[in-house]
Amino acid sequence: MTATPVIPCFFHPKQLKFKPKYEWAFGEKIEHPETTARAEGILAALEQDPEHFVIRRPVEVTEEMIHSVHDPRLVRMLQTAQSLRKTDTFYPAVFMRGMDITPDPGQISHAGSFCFDSGTPLSRETWLAARWSASCAVTAAMTVASGDARIAYALSRPPGHHATRGLFGGYCYLANSSLAAQCLRTGGARRVAVLDIDVHHGNGTQEVFWDDPDVLTISLHGSPENFFPFFTGFAEEIGGGAARGTNLNVPMPEGTDGQAYEMGLEQAIARILDYDPSFLVVAAGVDTYERDPMGNFGLTTEDLGRVGERIGALGLPTVAVQEGGYYTPHIGRNVKSLLAGLAEGARGKKAS
Ligand code: Q9C
Ligand code: ZN
């Protein structure tokens, strides 16, 4: 029996410099869910298993690469936040619209014009952490594109799939999974598929590639009828222009368990097989976990392994980018289960 190859996992300690303070939840001030403990929990679990995972430092992403996905004005706003005072956390609070206004990305008070969600704050460390988070995704993509690994993992934090071309939100500042996909495209890939298994709709990825027929975007998530981000993620959203049919949303009801999830996943798998991409990006949120504090699905650690195995069995060179998944003592083993599943599936060992 041959061992599965070691999975390179990218992470930079500077990603831990950003500590969003709190969030309002129905009038209650709660600790901000996007904690450093998430990343630390994942890192500790991976480090404990050197037979299967090796931690590496990412190469810093270029501004040119970031601009291949993002409006330079969003980048400028995140950089503006670097001048906040050390102890300040800035919550966008003015969301002016419908007037003849020109938001200034050099002015922190205009941050609401570059943001869609008041629960996603800025501090002087946001840009630093977001840049290294994106660097993990892009380095993982380069590692797979060059053939150095068949599967690579980016321990991206803060997450990215809610960030659009011009807006941050949903705890996301830079669109890490989109950047990974774009990186594979510029590396010469014919077609790339992004499969988003975070429990929330990947609205940012959907928007970035909405008109691009060369990137298939798929998201499985809690129905936006009653779940964040509310405005997007409906099945009717299929892509625009020449890209019609290259976006697939699979909204699922609250309480979806491993068995029900499998049916949605099979739909996604069938679409990917039909599209025949040369690379796969998995927007790997683990907030589908039954005890996730933000999620509303009921997947177990073992279910996550089976999901990984099914995706791995596609046999595609794969970049897994961490998205959501909030702190429980199980976050590390959940990510490990998903990644080990990917490797097992890729090896051709059948799910039991
Ligand atoms: N007070 C990701 O999983 N906030 N983002 C919900 C709760 C938004 C989650 C409001 C949740 C965003 C990457
Ligand atoms: Zn999520």
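A word of caution to begin with: the model is predicted.

I will start with the ligand. Which pocket does ligand 1 sit in? Ligand 1 is found in the largest pocket. There are 15 residues around ligand 1, and those that come nearest are Gly170, Tyr171, His200, Asp287 and Tyr326. If you sort this shell by residue type, you get 7 nonpolar, 5 polar and 3 charged residues.

Next, the polar contacts. Nitrogen of ligand 1 takes part in each of the pairs I will mention. From glycine 170, a backbone N or O atom lies 3.0 Å from a ligand nitrogen. From tyrosine 171, an N or O atom in the side chain is 3.2 Å from a nitrogen atom of ligand 1. From histidine 162, a polar side-chain atom lies 3.3 Å from a nitrogen atom of ligand 1. As for how covered the ligand is, ligand 1 taken alone exposes 410 Å², and the protein buries 84% of that.

As a reminder, rolling a probe the size of a water molecule over the atoms shows where empty space is left. The largest pocket holds about 620 Å³ of space. It is lined by 27 residues, with Glu23, Trp24, Tyr171, Phe228 and Met294 closest to its centre. Which strand gives the largest share of this lining? That is strand β2, residues 22-25, which supplies 4 residues. By type, the lining of the largest pocket has 16 nonpolar, 8 polar and 3 charged residues.

The second largest pocket has a volume of about 280 Å³. Its lining has 13 residues, and the closest to its centre are Phe116, Asn203, Pro229, Phe231 and Thr232. That lining divides into 6 nonpolar, 5 polar and 2 charged residues.

Last, the backbone. Most residues other than glycine have a negative phi, and most peptide bonds are trans. Here are some exceptions. Arginine 157 and proline 158 are joined by a cis peptide bond, with omega about 0 degrees. Proline 158 is placed in the loop between β5 (151-154) and α5 (176-186). Phenylalanine 228 and proline 229 are also joined by a cis peptide bond, with omega about 5 degrees. Where is proline 229? Its place is in the loop between β7 (215-222) and β8 (247-252). Phenylalanine 230 lies in the loop between β7 and β8, and has a positive phi of about 65 degrees although it is not a glycine.

Conventions
Residues numbered from 1 in each chain as written. Chains lettered and ligands numbered in written order. Predicted model: local features only at pLDDT ≥ 70, side-chain atom pairs only at ≥ 80, totals over all residues. Heavy atoms only, no water. Near = heavy atom within 4 Å. Polar contact = N/O pair within 3.5 Å; in protein donor to acceptor, adjacent residues only side chain to side chain. Areas by Shrake-Rupley, 256 points an atom, 1.4 Å probe, with all protein chains shown as cover. 1 Å grid on protein atoms, 1.4 Å probe; cavity = no way out; pocket = protein on both sides within 12 Å on 5 of 7 lines; lining within 4 Å. Sits in = over half its atoms within 2 Å of the grid points. Nonpolar A, V, L, I, M, F, W, Y, C, P; charged D, E, K, R; others polar. Points joined across faces, edges and corners; volume = space filled by probe spheres on them. Helix = DSSP H or I, 4+ residues; strand = E, 2+ residues; numbered from the N terminus.
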